[in-house]
Each structure stands twice: as structure tokens, then as C-alpha cells.
Amino acid sequence: MALKHAVLAALLDGEYSGYELAKDFDLGVSNFWHALPQQLYAELAKLEKEGLVSGRQVVQETRPNKRLFQVTEAGREELERFAAAPSKPTFIRDDLLVKVQTADRIGPAPVIEQLEERAAAAAAKIELLEKVLRNMRGEADEAEFLLRGDRIGGYLTGLRGLAFEQGHRDWCLRSAAILRERQKTHAER
């Protein structure tokens, strides 16, 4: 997947400025695709040149003018091609896992600290995702929303992000506890 497809998918809900798109990415899309704001602005310019999005200038009196972007018919066709293409399997690529792998040989203390930091970050993300999901479904319970909600794609990706963060938090806490216990056991010998 290219950043192009993530941007096009995010713009399906309507017109967004680059700033609004960056906020949307930060709250929702970042569960499955990370991009810095400057990358998004560059991608919007590229997509506009390719005719996959159209932009229009909005004159504002008390603020600087802004550009709003929306997906064109060509952009929708590109997303349809992308959706129909086979997906590649995912893989984990995380420097923390390399550090954990070395903990037996180089000492676990800094790795334990990083595992606990990562678990805390995951816990914060879990709290945020749970709030976003509650806001998305409104008064409906989850089963009802998933069955009858207007749009559930963002909700489903939010659920995947939540499951990922929960699993990541649990693994980090368990790994830190195991390394700490092994460190204590080795110190007693």
C-alpha cells in the first residue's frame, strides 16, 4: 500500500484541508498507516497533479486562506483498483524486538525500561481508541452499530488498532516481568 491509498481513503468522507487530514490521520488512520503532516501535504499536492484529488481555495477573513481537497472520480477508480488487488501479508518490523532478543547477552535493565515505556504508550493509545470508538457509535451498542451503522470501515480499523495496542501492551508488560524475574533469579545465584 502506498500513502496515496491511505490519503484517498481518508478523503472519501468529504472535503478536508491538509490540517484536518493530518488530525484524521492522527486519530484514526495512524492505527494502520503512519504519516507525518509534511508527508500528507506533499502527497496531497502529488495526488492533485495526478488528478486523483481536486483542491479548491477557501478565502478566510480572520485566518490564512486554506485549500480543501476531495477525491475525484479518477481517485475513486484508483481506490477500487486498489481494493480489488490482493493484499500482501503483514510483518513486524520493530527495533524493540531486536533489543529484547539481545537482553540475555547485554543485560535486561534498559530493555525492561523500554518495554514499560512502550506499554504505557500503548495504554494511552488504548484509552484514546476506546473514546474514538464510543464517539463513532454514539448511543448504539457495538453489535447494533456494526449491523446498522452508516459507515463502519473506520470503526473496524479502529477495532484492529485497539486489538493491536492491547496485545502490544500485554506482551510488553509480560516480557518486562519475565526479564525482571530472570534478572532477580540470576542475581541470587
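Predicted model: local features only at pLDDT ≥ 70, side-chain atom pairs only at ≥ 80, totals over all residues.
Residues are numbered from 1 along each chain as its sequence is written, and side-chain values use heavy atoms, without hydrogens and water. Local features need pLDDT of at least 70, side-chain atom pairs count only at pLDDT 80 or more, and totals for chains, interfaces and linings use all residues.

Helix H3 comprises 13 residues, 37-49, and its first and last C-alpha atoms are 19 Å apart, close to the 18 Å expected at 1.5 Å a residue (1.5 Å times one less than the number of residues). Helices are DSSP runs of H or I with at least four residues, numbered from the N terminus. Leu-40, Glu-43, Leu-44 and Leu-47 are the buried residues of H3 (buried means under 20% relative accessible area and exposed over 50%, with a 1.4 Å probe and protein chains only). Viewed down the axis of H3, these residues fall within an arc of 105 degrees, so they line one face of the helix; the arc is taken from the directions from the helix axis to the C-beta atoms. Gln-38 and Lys-49, on the other side of H3, are exposed.

Leu-47 has 0% relative accessibility and therefore counts as buried. Leaving aside residues up to four places away in sequence, Leu-47 touches Lys-4, Val-7, Leu-8, Leu-52 and Val-53 (contact means heavy atoms within 4.5 Å).

Helix H1 (residues 3-10) passes helix H4 (residues 73-84) with the axes coming within 10 Å. The contact involves Lys-4, His-5, Leu-8 and Ala-9 of H1 and Gly-75, Glu-78, Leu-79 and Phe-82 of H4.

Technical notes. Helix = DSSP H or I, 4+ residues; strand = E, 2+ residues; numbered from the N terminus. Axes fitted to C-alpha atoms, helices over the stretch in contact; angles between N-to-C directions.
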